[in-house]
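Here is a short briefing to read alongside your structure. Please have the sequence and the 3D view open as you go.

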Amino acid sequence: MKLSRIGRVSLAFVVSVAMGLGMTACGGGTIGFMWVLGTQYNQIAGFKIDDFTGNLTQVIHSPFASGGSNPVSLVVTPGGRYVYVVNKGSASATAGSCGGASGGITQFSVGGGGVLTFQQCFTSQGFNPVWATRDSTGNYLFVLDSQAPAINGVLPPNGDITVFSIAPDTGRLSLVLNQQIKDPITGAQLTYFPVGKSPSMMQLAGGGCLLTLDKGDQTVFPYSVSGGQLVLTTNSTIPLNTTNATSINANGSNVYITDAGTPNTPGQILPYTIGNSCSLNTANGGAVANLPFTSTPTYTMVNSKGTYLYVLNQSTTDSNAASYSSISAFTIDSTGKLQPLAGSALGNNPYKVGAGPVCMVEDPTNKYVYTSNSVDGTVSGFQLDDRSGQLLNLTRGSTFTAVGQATCLAISPNVQ
């Protein structure tokens, strides 16, 4: 069959429009961009997410330099215009890296096609930042530091949170002073907010609480949030009934903490609800054992509807199989109680993923979920059946090469 000249021109126009929208015969438009951090070469892998298949294709010029040493956490602003990367720092940090050995925060802008462009380097008030999050408005960035600043030349035994305001037009960060506490030596307002010993992760919960998981003493340190100010609550430290708390996550007023326990045990998930003064109340049913043959739970994610909880496990207790990593899936009932997700006909729960999963995200359309895997430097992708909670393999392959020693990942929508 031959096309007329008009037909050929029309076809060319349709193909051109499809390419401009990021569409192909095998997929749909780009629904967002994914960023995956890697510590081996201090890089950021960038991917486009296909709407129809969930397939990942690399952004042009990816991977990008993180700008600092040991990138471990990242935050995307609402609308996806800016990305902030937390570089923990290391003794081997190269000259000129953002924050050097003490670590820093690099700001990137997201351009056409998802290309990242370095903007600025910012440093927190403490040392070796390990996590960051933002408020729901995108006006403030909270950065968790492993070590608080020295007082009169002496390092205290705790970490801290540095708070920045975010300029809506440029994304520039400006330090927010602690109006609640003064420096005991100088009498000036503190430039940070103290937390507990060896903090590792923090989460906003309950609409106005910022909770820090402190691994050094197995506690949670709660603040109430008022704009950019963190206010001490009545219960300043909440002890946990854990031996190896590895992560804290939240969905609304529900809070989930993973406890890896001792080696060669499945570990457990501790569900809580936010109470008065940002306290934690044990949820209905209490602690829940992780699924059999799983080990070292390290991260949790709740789906967008708040009906399923997914737990990343870095290892297994199955002595009859080669070591593998997995995702445990649980249902969340109306009271917050957790129950293992009923296995499908395939019996896939827990679901195998790449080696050493670290973080997990859901895409902006709530159809796909992805994990970043540290040991093999990959991303594992799944289609999410929101009716059953089952995770299904993607139609065009579910494993994607990212960067060496991958840490956390995040997704931004198409830039607005």
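Within the largest nonpolar core, which has 82 residues, the members that touch the most others are Met 34, Trp 35, Ile 161, Val 255 and Tyr 370. Strand β1 (residues 30-38) supplies the largest share of this core, six residues. Please keep in mind that this is a predicted model.

**Nonpolar cores**
- Another core, of 13 residues, lies apart from the largest one, and its members include Tyr 84, Ala 132, Leu 141 and Phe 164.
- As general background, nonpolar side chains in soluble globular proteins tend to be buried together.

**An open sheet**
- Four strands, in the order β5-β6-β7-β8, make up an open sheet with antiparallel pairing.
- The edges are β5 (71-76) and β8 (116-122); each has a single partner strand, so one side of each is left without a neighbour in the sheet.
- On average, neighbouring strands here are turned by 25° against each other, direction ignored.

**The β6-β7 pair**
- Strand β6 (residues 82-87) and strand β7 (residues 104-110) run antiparallel and are joined by six bridges.

- Gln 107 is part of strand β7.
- Is Gln 107 buried or exposed? Its relative accessibility is 1%, and buried means under 20%, so Gln 107 counts as buried.
- Leaving aside residues up to four places away in sequence, Gln 107 touches a list of residues that includes Tyr 82, Val 83, Tyr 84, Phe 118, Gln 119, Thr 170 and Arg 172.

Conventions. Residues numbered from 1 in each chain as written. Predicted model: local features only at pLDDT ≥ 70, side-chain atom pairs only at ≥ 80, totals over all residues. Heavy atoms only, no water. Pairing = 2+ DSSP bridges. Helix = DSSP H or I, 4+ residues; strand = E, 2+ residues; numbered from the N terminus. Axes fitted to C-alpha atoms, helices over the stretch in contact; angles between N-to-C directions. Buried < 20%, exposed > 50% of the residue type's maximum accessible area, 1.4 Å probe, protein only. Contact = heavy atoms within 4.5 Å. Core = buried A, V, L, I, M, F, W, Y, C linked by side-chain atoms within 4.5 Å.
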